[in-house]
Amino acid sequence: MKKIIVIDDSLIILRTVDELLRKEGFEVLKAEDGLAGLNLIKKNTDCDLIIVDLNMPKMGGFEMLDKMYEEDICIDRPVIIFTTESIVAKENAVKVREKNKSTGRKTWYVKPLTEDRYENFLDTVNAMLEGD
């Protein structure tokens, strides 16, 4: 069973993603901010995929990813970065690509995650896992 870590400060997103992924047979671990997410990743280095929100309290997605790289924790894992702004996503995608050329695969998923987009989201998750 593939293990996916989901980090988002929105309880609605956490619950929705948890339900979607569990229905597909994935094990799901959740955290509500980047600091808790980093600690969860440290305890679950066997995870297969990390899904992280960009903007969160205590520690945002980029800061969490930076800490992962600094501490060499799961840097080869695929990452889906949630964001609410597609323009920000495009600008930040360049930053991530330049900074982390040799590390795991990254992609963006622009919120909201509505029912009509569930299949697309699951396709994204499966595509990221296929590279394992």
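1. The buried residues of helix H2 are covered by elements that include strand S1 (3-7), strand S2 (27-31), strand S3 and helix H3 (61-70). The residues concerned are Gly 34, Gly 37, Leu 38, Leu 40 and Ile 41, where buried means under 20% relative accessible area, exposed over 50% and partly exposed in between, with a 1.4 Å probe and protein chains only. Helices (H or I, at least four residues) and strands (E, at least two) are DSSP runs, numbered from the N terminus. This is a predicted model, in which local features need pLDDT of at least 70 and side-chain atom pairs count only at pLDDT 80 or more, while totals for chains, interfaces and linings use all residues. Residues are numbered from 1 along each chain as its sequence is written, and side-chain values use heavy atoms, with hydrogens and water left out.

2. The buried residues of H2, Gly 34, Gly 37, Leu 38, Leu 40 and Ile 41, cover an arc of only 160° around the axis, which puts them on the same side of H2; the arc is that of the directions from the helix axis to the C-beta atoms. As background, an α-helix has 3.6 residues a turn, so residues three or four places apart point the same way.

3. At the start of H2, a side-chain oxygen of Asp 33 comes to within 3.0 Å of the backbone nitrogen of Leu 35.

4. Beyond the helix, Asn 44 lies in the loop between helix H2 (34-43) and strand S3 (49-53). Asn 44 is buried, with a relative accessible area of 13%. When neighbours within four places in sequence are set aside, Asn 44 is in contact (heavy atoms within 4.5 Å) with Lys 3, Ile 5 and Leu 29.

5. Turning to the aromatic residues, the count comes to 3 aromatic pairs, where rings of Phe, Tyr and Trp (its six-membered ring) pair if their centres lie within 6.5 Å, and planes under 30 degrees apart count as stacked, over 60 as edge-to-face and the rest as tilted. The rings of Phe 82 and Phe 121 are stacked, because their centres are 5.8 Å apart and their planes at 20°. This pair links distant parts of the chain, with Phe 82 in strand S4 (residues 79-83) and Phe 121 in helix H5 (residues 118-130), 39 residues apart.

6. Phe 121 is buried at 0% relative accessibility. The rings of Tyr 109 and Phe 121 have their centres 5.3 Å apart and their planes at 80°, so this pair is edge-to-face. Phe 82, Tyr 109 and Phe 121 form one aromatic cluster.

Definitions and conventions: A polar contact is a pair of N or O atoms within 3.5 Å; within protein, one must be able to donate a hydrogen and the other to accept it, and residues adjacent in sequence count only if both atoms are side-chain atoms.
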